[in-house]
Amino acid sequence: MALGKLIQVDTYTVSTPVGSVILGGGSSGSSGLNVSIDTNDVYMVVWYNVHSSVDAEFWFRVTKSGTGDTSANYDYADKLFNPAGFGRRGVTGDTKTHLENISLQSNQEQGNGISYLYNFNDANELSYYTYEQSNRNISGQSSAPVGGCVHTVRSASDGVLFTLSTGNITHGTFTLYKQV
Amino acid sequence: MSALRFIKEQEISGTTSVSITDVFSSDFDVYCLTGTNISSNSSSHDNVQARLIDESGTIKTSSYDTAQQDGAPEAAISAILGTNASSFGLGSFMTSDLEPESLAMTWWIFNPYSTSSYTYAYWQGGGTLAGLGRMRKGVGVLKSTDRITGFHIYQNNTARLLNSGHLRVYGLSIN
C-alpha cells in the first residue's frame, strides 16, 4: 500500500576529490551504508553543487551488482535548454549518459539535477530514467539537457554511478530517495 | 517522515505581485515550490514572471540567464531566451487569465541560501488561457552569490491583478 512519502535511501557529499560517486550499489556505495535499489518503487536521485577538478564531461551510469555498467547499451534523447538557443541530442549504444560539461567551483560552472528511476529492481525489465537539470557549463552558459534514457539490458540495476570523462569530482551532494 | 518537508504557504488575493519570504534557509539546499489555481482579474491574459529575493528583502532584478519553451496546441513550440535578464524570463510563472482558467507551476530551486554558489532553478507548468491549454518549461540561473531567502512573482501588466491561488514551498531533506 502506498504511504505517500519520499524516503531517503542513500546520500554522499564529496569532501575530498573522488573519481566517482555510487548511490545504492550495496557494499560498493560511496556512503558505506551498504544499501541498494531493491524495491519496485520509483526512485529519485538529486545532485547539486557538483564541480570537477578540470573541465570534464559529467556522466551517469546504472550499476549492476555495485559496478557501473560501461557496456554500450545506453540510449538517450534530450533537449538542451540554453539561452544561446536550443539543441537536441539522440544517442544510441553509448557507454554512459552524458549529463553536462562542468568545471571548477571557482568558475561557478556546476551541475544540479533530478533524475527519476523506473523498473531498476525488475530483472525482467529494462532500466529507465529521466533527468532534468539546471547547470552552468564550461562555457559559462546556463545549460540544461532535459530528457531520458533506457539501459537496453534486461536485468536489475541496484544503483547509480556518477563520474567524469577526466579528472575528479571535487564537490557535490548526491542523494537517493524512493517514493513509497 | 517524508523527506519533502512543508515550509510555508502564501495565499494570493487581489495583488499585482506576491512575495513568499523567509522560506530558504540553512535547513535545506534544494527546494520545491508549487503554484496552484492562480488566476487574474482580467480575461486579457498576461505573463507572470518570477524573481528571487535576497536576505535583505531586496527583489533581485538583474543577472538572470534563462531558457524556456512555450508549448501551445494551436502553434509551434516557441523559445523564450535571455541572458543577464531582469527576471527568470517572460512568463516564467506561466500566463494568468480569468477564472476558471488558471495556472499551475512546479519549481525546483538549488543552493539559494549558499553564498558560494549561484542559485539555479528549473520549472514546468501549465495553464489555460483564452480557452486553450498552454505549457511552459524552463531553466535558469541567478548569477549572484547573494544569500537568497524568498521568491517573488508579478504580473507583467501591473493594471491586472493576481486574484487567487496558492504558493507552497517545501524543502528536500538530506540526512
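Student: Which residue lies over the face of Tyr113(B)?

Tutor: A charge is said to sit over a ring if NZ of Lys or CZ of Arg is within 6 Å of the ring centre and within 35 degrees of the ring normal. At 4.1 Å from the ring centre of Tyr113(B), the residue that lies over its face is Arg147(B).

Student: What kind of model is this?

Tutor: Residues are numbered from 1 along each chain as its sequence is written, while chains are lettered from A and ligands numbered from 1 in the order in which they are written. Local features need pLDDT of at least 70, side-chain atom pairs count only at pLDDT 80 or more, and totals for chains, interfaces and linings use all residues; side-chain values use heavy atoms, with hydrogens and water left out, and the model itself is predicted.

Student: Over the ring of which residue does the charged end of Lys96(A) sit?

Tutor: This is a further charge over a ring, in chain A. The charged end of Lys96(A) is 4.5 Å from the centre of the ring, which belongs to Trp59(A).

Student: Why is the pair of Phe120(A) and Tyr129(A) classed as it is?

Tutor: Rings of Phe, Tyr and Trp (its six-membered ring) pair if their centres lie within 6.5 Å, and planes under 30 degrees apart count as stacked, over 60 as edge-to-face and the rest as tilted. A search of the whole structure finds 20 aromatic pairs over all chains. The ring centres of Phe120(A) and Tyr129(A) are 6.4 Å apart and their planes stand at 65°, so this pair is edge-to-face.

Student: Is Phe120(A) buried or exposed?

Tutor: A residue is buried under 20% relative accessible area, exposed over 50% and partly exposed in between (1.4 Å probe, protein chains only). Tyr129(A), at 2% relative accessibility, counts as buried. Because Phe120(A) has 2% relative accessibility, this residue counts as buried.

Student: How many residues apart are Phe110(B) and Tyr122(B)?

Tutor: The two form a tilted aromatic pair, 6.1 Å centre to centre with 35° between the planes, and both are buried. Strands (E, at least two residues) and helices (H or I, at least four) are DSSP runs, numbered from the N terminus. Phe110(B) is in strand β8 (residues 103–110) of chain B and Tyr122(B) in strand β9 (residues 119–129), and so the pair links distant parts of the chain, 12 residues apart.

Student: What is the bridge partner of Ser19(B) in β11(B)?

Tutor: β2(B) and strand β11 (residues 148–155) of chain B pair antiparallel over 4 bridges. In β11(B), the bridge partner of Ser19(B) is His152(B).

Student: How many bridges join β5(B) to strand β10 of chain B?

Tutor: Strand β5 (residues 64–72) of chain B is mostly covered, with 9 of its 9 residues buried. A hairpin through 2 residues joins β5(B) to β6(B), and 7 bridges join this antiparallel pair. Strand β10 (residues 132–142) also runs antiparallel to β5(B), with Gln68(B) opposite Gly138(B), and the number of bridges from β5(B) to β10(B) is 8.

Student: With the side chain of which residue does Asp78(A) make a polar contact of 2.5 Å?

Tutor: A polar contact is a pair of N or O atoms within 3.5 Å; within protein, one must be able to donate a hydrogen and the other to accept it, and residues adjacent in sequence count only if both atoms are side-chain atoms. Asp78(A) is found in strand β6 (residues 74–81) of chain A and is buried, with a relative accessible area of 5%. Its side chain makes a polar contact with the side chain of Tyr131(A) at 2.6 Å, and the 2.5 Å contact is with the side chain of Arg89(A).

Student: What share of the area buried between chain A and chain B do carbon and sulfur atoms give?

Tutor: Contact means heavy atoms within 4.5 Å, and here the contact takes 35 residues from chain A and 36 residues from chain B. Buried area is the accessible area (1.4 Å probe) that two parts lose on being put together, summed over both. Between the chains this area is about 2,700 Å², and the share from carbon and sulfur atoms is 62%.

Note on methods. Two strands pair if DSSP finds at least two bridges between them.
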